[in-house]
Amino acid sequence: MRKVPLADSLRIIGRGSLNWIAERPIVVSFEVTDACTCYCKHCDHGGPRDESRNLKPADYRRYMEALKPCVVQVSGGEPLMRPDIVEIVRTIKNGSGIPYTILVSNWSEMTEEKYLALREAGIDQFSVSLDFPDDRHDAFRGYPGLFDHLSDIMPRLAALGHDDIVLNSCITSENVSEVSAIADMARAWGVNLCYSAYSARRTGCRDYFLNTPEQIATLNEQLDGVERRRDNSRWIVNSTTTLDATRQYFENAGTPACKAGLRFLVVTADGMLQPCSMQFKKYPLEHQSRMVSEFTATNDCDQCYVSIRSYLDKSFPQLLRENVSEFLSVKA
Ligand SMILES: C[S@@+](CC[C@H](N)C(=O)[O-])C[C@H]1O[C@@H](n2cnc3c(N)ncnc32)[C@H](O)[C@@H]1O
Ligand code: SF4
Ligand code: SF4
């Protein structure tokens, strides 16, 4: 995985330290639309939605100035459905190397032209969802032909050599035995790899959680195999501590001490602040500190271990150490 240049790394560390002290978020996830091209079994989005109240590209400047995040996720719904997505990214980056900006997408609408335009506008990392290493992906996502599209476009864009594409796989009871095969797929396509964990909180459905000792044993075997393939190229983006915490999350059916609202938050498509994508208490932009005192201070939800949490539940020294050595061009 490509490292962030030195000057930007130092600025990210500086801004992160200030935000930590000032109780501003480190990571902000902009859900730029609620609409989606897919109908995934594990998700509460899916299909068309009312888009008339979506923020306009220029509106994102106000959010960036107030929140000053170090890392931004541009997500949804399906962010590539926005015809003005390049303009949104350009506004978020504002001609600067920071924030480190990740586009989280299913890539059903990705083309080479869009990829290059989004890179030029400032996307640092393209996170592409994959649930199965074959056309079971289409069935799980309710989108015929999606796996064939990814099989064509992923290796083609990876071959351009920018080393900024990460295959992102959400572990469920349906695909737990495919964890290692998904790593093979990432290698075959020439892209990096990241795992996240299913949460039943999104849909209320516990069937896709790992509910039996056999499923947990399969997870451990599969992740042990993945760990053996870790090397210095950092193609496995999750740290070992994060994958260990993912195992614990499934074993304990939850992970306490969530910092949603404080260390990270979501901006909804129509511009409200939410603690996370699965907690729907909304606040206006000016009231982030009220969200911290009202929501975060009393939050006892332990119902996910998605990547945004796995970065940010750590202590500040651990967060710096892991990210500094893994992503930033500064010695830890
Ligand atoms: C909500 S989607 C939005 C971006 C884009 N549509 C995509 O699928 O990548 C972001 C990520 O959330 C994951 N996801 C969806 N439902 C989930 C759930 N119930 N628990 C954990 N992750 C989930 C998806 O697999 C995807 O990787
Ligand atoms: S996981 Fe992503 S692609 Fe699937 S329905 Fe949800 S938002 Fe859409
Ligand atoms: S554990 Fe935190 S991030 Fe996850 S659903 Fe609960 S409040 Fe949201």
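**Entry 1: ligand 2**

I began with ligand 2 and found that the space it takes is the largest cavity. For this I worked on a 1 Å grid over the protein atoms alone, where a cavity is a set of points at which a 1.4 Å probe fits but cannot get out. This is a predicted model, in which local features need pLDDT of at least 70, side-chain atom pairs count only at pLDDT 80 or more, and totals for chains, interfaces and linings use all residues. Residues are numbered from 1 along each chain as its sequence is written, chains are lettered from A and ligands numbered from 1 in the order in which they are written, and side-chain values use heavy atoms, with hydrogens and water left out.

I then listed what surrounds ligand 2, and the residues are C36, C38, C40, H42, C43, H45, G77, N106 and R141; a residue is taken as near a molecule if one of its heavy atoms lies within 4 Å of it. Sorted by class, this shell around ligand 2 holds four nonpolar, four polar and one charged residues. In that sorting, Ala, Val, Leu, Ile, Met, Phe, Trp, Tyr, Cys and Pro count as nonpolar, Asp, Glu, Lys and Arg as charged, and the others, Gly among them, as polar.

**Entry 2: ligand 1**

I looked up ligand 1 next, and it sits in the largest cavity, where sitting in a cavity asks that more than half of the atoms of the molecule lie within 2 Å of its grid points. There are 18 residues around ligand 1, of which H42, G77, S129, R141 and S199 come nearest.

A polar backbone atom of H42 is 2.8 Å from a nitrogen atom of ligand 1, and a backbone N or O atom of S199 lies 2.9 Å from a nitrogen atom of ligand 1. From the side chain of R141, an N or O atom is 2.9 Å from an oxygen atom of the ligand. On its own, ligand 1 has 540 Å² of accessible area, and the protein covers 92% of that, with areas taken by the Shrake-Rupley method and a 1.4 Å probe.

By class, I noted six nonpolar, nine polar and three charged residues in the shell around ligand 1. The strands β3 (100–105) and β5 (165–171) each supply at least two residues of this shell; strands here are DSSP runs of E with at least two residues, and helices are runs of H or I with at least four, numbered from the N terminus.

**Entry 3: ligand 3**

Around ligand 3 I found R201, C258, F264, C276, M278, Q279, N299, C301, D302, Q303, C304 and R309. This shell divides into six nonpolar, three polar and three charged residues.

I turned to Y143, which is found in the loop between α5 (136–141) and α6 (146–158). Y143 counts as partly exposed because its relative accessibility is 22%, given that buried means under 20% relative accessible area, exposed over 50%, and partly exposed in between (1.4 Å probe, protein chains only). Y143 and C38 are 105 residues apart in sequence, yet their C-alpha atoms are 5.7 Å apart in space.

D124 lies in the loop between α4 (112–121) and β4 (125–129), and I record D124 as buried because its relative accessible area is 12%. Its side chain makes a polar contact with the side chain of K93 at 2.6 Å, a polar contact being a pair of N or O atoms within 3.5 Å, where within protein one must be able to donate a hydrogen and the other to accept it, and residues adjacent in sequence count only if both atoms are side-chain atoms. The side chain of D124 also reaches the backbone nitrogen of T101 at 2.8 Å.

T298, in the loop between α10 (288–294) and α11 (307–312), is exposed because its relative accessible area is 59%. The side chain of T298 reaches the backbone oxygen of E294 at 3.0 Å.

**Entry 4: backbone geometry**

Most residues other than glycine have a negative phi, and most peptide bonds are trans. I noted that the peptide bond from G76 to G77 is cis, with omega near 25°, and that the one from I98 to P99 is cis, with omega near 5°. G77 is found in the loop between β2 (71–75) and α3 (85–93), whereas P99 is in the loop between α3 and β3.

That loop between α3 and β3 also holds N94, which has a positive phi of about 50° although it is not a glycine.

Technical notes: 1 Å grid on protein atoms, 1.4 Å probe; cavity = no way out; pocket = protein on both sides within 12 Å on 5 of 7 lines; lining within 4 Å.
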